[in-house]
Amino acid sequence: RPALLKSPKFQVGQNVHFTSGPVSRPGASGSYQVLKLLPSDGADYQYRIKHPTEAFERVAKESQLDRAS
């Protein structure tokens with residue numbers, strides 16, 4: 001039986017800072033809003049996030065997000 005994850009760090013509606021990984025577009029990092037908490041991939045929670053100037057949403061792992069300053 002897999003170990004239970006800690007509680008999600010971020011809430012729906014919260015603003016977060018996203019740091020894109022090495023394979024993402026460099027301009028992807030910045031301030032995003034959490035739209036939805038997604039099922040965990042086993043090691044990390046995942047979130048659906050959106051940047052105010054982008055027409056699309058992204059999926060980000062919790063390890064790619066920080067509280068917005």
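Predicted model: local features only at pLDDT ≥ 70, side-chain atom pairs only at ≥ 80, totals over all residues.
Of the 69 residues in this chain, 30% count as buried, where buried means under 20% relative accessible area, exposed means over 50%, and partly exposed is in between, with a 1.4 Å probe and protein chains only. Residues are numbered from 1 along each chain as its sequence is written, and side-chain values use heavy atoms, with hydrogens and water left out.

Let me begin with the overall layout. The chain has zero helices and five strands, and from the N terminus on its elements run β-β-β-β-β; these assignments are DSSP runs, numbered from the N terminus, with helices being H or I of at least four residues and strands being E of at least two. If we take contacts between residues at least 6 apart in sequence, 38% of them join residues at least 24 apart, a contact being heavy atoms within 4.5 Å.

Now to the sheet itself. The five strands form an open sheet, in the order S4-S3-S2-S1-S5, with antiparallel pairing, and two strands are said to pair if DSSP finds at least two bridges between them. The edges are strand S4, residues 57-61, and strand S5, residues 65-67, each of which pairs on one side only. From one strand to the next the twist averages 50°, the axes being lines fitted to C-alpha atoms, for helices over the stretch in contact, and the angles running from 0 to 180 degrees between N-to-C directions.

Let us follow the pairings one at a time. Strand S1, residues 15-18, is joined to strand S2, residues 30-38, by four bridges, and the two run antiparallel. Within that pairing, Asn 15 stands opposite Gln 33, His 17 stands opposite Ser 31, and Phe 18 has Gly 30 as its bridge partner. On S1, Val 16 and Phe 18 make up the covered face, whereas Asn 15 and His 17 make up the uncovered one. S1 also pairs with S5 in the antiparallel sense, over three bridges, and there Phe 18 stands opposite Leu 65. S2, in turn, is joined by five bridges to strand S3, residues 46-50, again running antiparallel, and the partner of Gln 33 in S3 is Lys 50.

Which residues does His 17 touch, leaving aside its neighbours within four places in sequence? His 17, which lies in strand S1, is in contact with Gly 30, Ser 31, Gln 64, Leu 65, Asp 66, Arg 67 and Ala 68. The C-alpha atoms of His 17 and Ala 68 are separated by 5.0 Å, although these residues are 51 residues apart along the chain. His 17 counts as partly exposed because its relative accessibility is 35%.

I turn next to the charged side chains. How many salt bridges does a search of the whole structure find? It finds two, a salt bridge being a side-chain nitrogen of Lys or Arg within 4 Å of a carboxyl oxygen of Asp or Glu. In one, Arg 48 pairs with Glu 57, and the closest N and O atoms are 3.7 Å apart; Arg 48, at 28% relative accessibility, counts as partly exposed, and so does Glu 57, at 39%. In the other, Glu 54 pairs with Arg 58, with the closest N and O atoms 2.9 Å apart; here Glu 54 counts as buried because its relative accessibility is 12%, and Arg 58 is buried as well, with a relative accessible area of 14%.

One last residue deserves a look. Asp 44 has its place in the loop between S2 and S3, and it counts as buried because its relative accessible area is 12%. Its side chain makes a polar contact with the side chain of Ser 63, at 2.7 Å, where a polar contact is a pair of N or O atoms within 3.5 Å and, within protein, one must be able to donate a hydrogen and the other to accept it, while residues adjacent in sequence count only if both atoms are side-chain atoms.
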